[in-house]
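Have the model open while you read.

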Amino acid sequence: MDAFLSAYWLDILTTVLGLIYIWLEYRASIALWVLGIIMPALDIVLYWQHGLYGDAGMACYYVLAAVYGLVNWKFRKTSKAEEPLPITHMPRNKYLPITIYFLAGWAIIYYVLITWTNSTVPLLDAFTNALSFVGLWALAHKYLEQWIFWIVVDAVCTVLYVQKDIPFKASLYALYVIIAIAGYFKWKSMAEKAKANQQ
């Protein structure tokens, strides 16, 4: 048992934090950003130990993005100053720039991984990281579509973490897929209710 805990304690801890994080995200609670700072800081170490260098680098970005998200949710208001940032659809004029940003990010991260690391999964590692950039940006702006990005990221990460012998994290991300689907419909309902109340 001691050997098991010694080998997997960080995986277990970040998995527990991840469960709390996704529950807070599902509820659209601003507290998610606090865990969004702590959890990826620990993930940097976990991923590096398992050769997921892209994910380790992405975890650094997650820490910074969580600070941005916290500030954005806390201080950015609607045109009515007393109202918090609402859940909305991503504007159509953002689709092309976001697609270009994603493809460029995927290519750059892939190049970095194959050039400067010994990553054995550079293509998928780069893919999940580039799409995570987009997902975090969409989450920080409370766009409903952020859930769609996370469904794809979580499904691919589940496979990666199984391959890399990070079983608890793999289980967490498999659960994330289910919660992200539920989260999409939850946020959609919240957005429709808020819109109806404004009319």
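About 350 Å³ of space lies in the largest cavity. A cavity here is a set of points on a 1 Å grid over the protein atoms alone where a 1.4 Å probe fits but cannot get out; grid points are joined across faces, edges and corners, and a volume is the space filled by probe spheres set on the points. The structure holds one cavity of 30 Å³ or more.

Keep in mind that this is a predicted model, where local features need pLDDT of at least 70, side-chain atom pairs count only at pLDDT 80 or more, and totals for chains, interfaces and linings use all residues. Residues are numbered from 1 along each chain as its sequence is written, and side-chain values use heavy atoms, with hydrogens and water left out.

Which residues lie nearest the centre of the largest cavity? They are Tyr-21, Met-39, Tyr-62, Trp-150 and Tyr-173, out of 29 lining residues (lining means having an atom within 4 Å of a point). The elements giving two or more residues to this lining are α1 (2-26), α2 (32-49), α3 (53-75), α5 (122-140), α6 (146-163) and α7 (167-198). Helices are DSSP runs (H or I, at least four residues), numbered from the N terminus. By class, the lining splits into 20 nonpolar, four polar and five charged residues. Ala, Val, Leu, Ile, Met, Phe, Trp, Tyr, Cys and Pro count as nonpolar, Asp, Glu, Lys and Arg as charged, and the others, Gly among them, as polar.

## How the helices pack

Axes are lines fitted to C-alpha atoms over the stretch in contact, and angles run from 0 to 180 degrees between N-to-C directions.

| Pair | Angle | Axis distance |
|---|---|---|
| α1 and α2 | about 150° | 9 Å apart |
| α1 and α6 | roughly 155° | within 13 Å |
| α2 and α7 | roughly 130° | within 14 Å |

With its angle of about 150° to α2, α1 is roughly antiparallel to α2 (over 145 degrees counts as that; under 35 is roughly parallel, 65 to 115 roughly perpendicular and the rest oblique). The contact (heavy atoms within 4.5 Å) brings residues of α1, including Leu-17 and Tyr-21, up against residues of α2, among them Met-39 and Leu-42. By class, that contact has 13 nonpolar, four polar and three charged residues.

Against α6, at roughly 155°, α1 is again roughly antiparallel. Here Ile-22, Glu-25 and Tyr-26 of α1 meet Gln-146, Trp-147 and Trp-150 of α6.

α2 and α7 are oblique to each other. Met-39, Asp-43, Leu-46 and Tyr-47 of α2 touch Lys-169, Tyr-173 and Tyr-176 of α7, giving five nonpolar, no polar and two charged residues.

Terms used
On a 1 Å grid over the protein atoms alone, a cavity is a set of points where a 1.4 Å probe fits but cannot get out, and a pocket is an open set with protein on both sides within 12 Å along at least five of seven lines; lining residues have an atom within 4 Å of a point.
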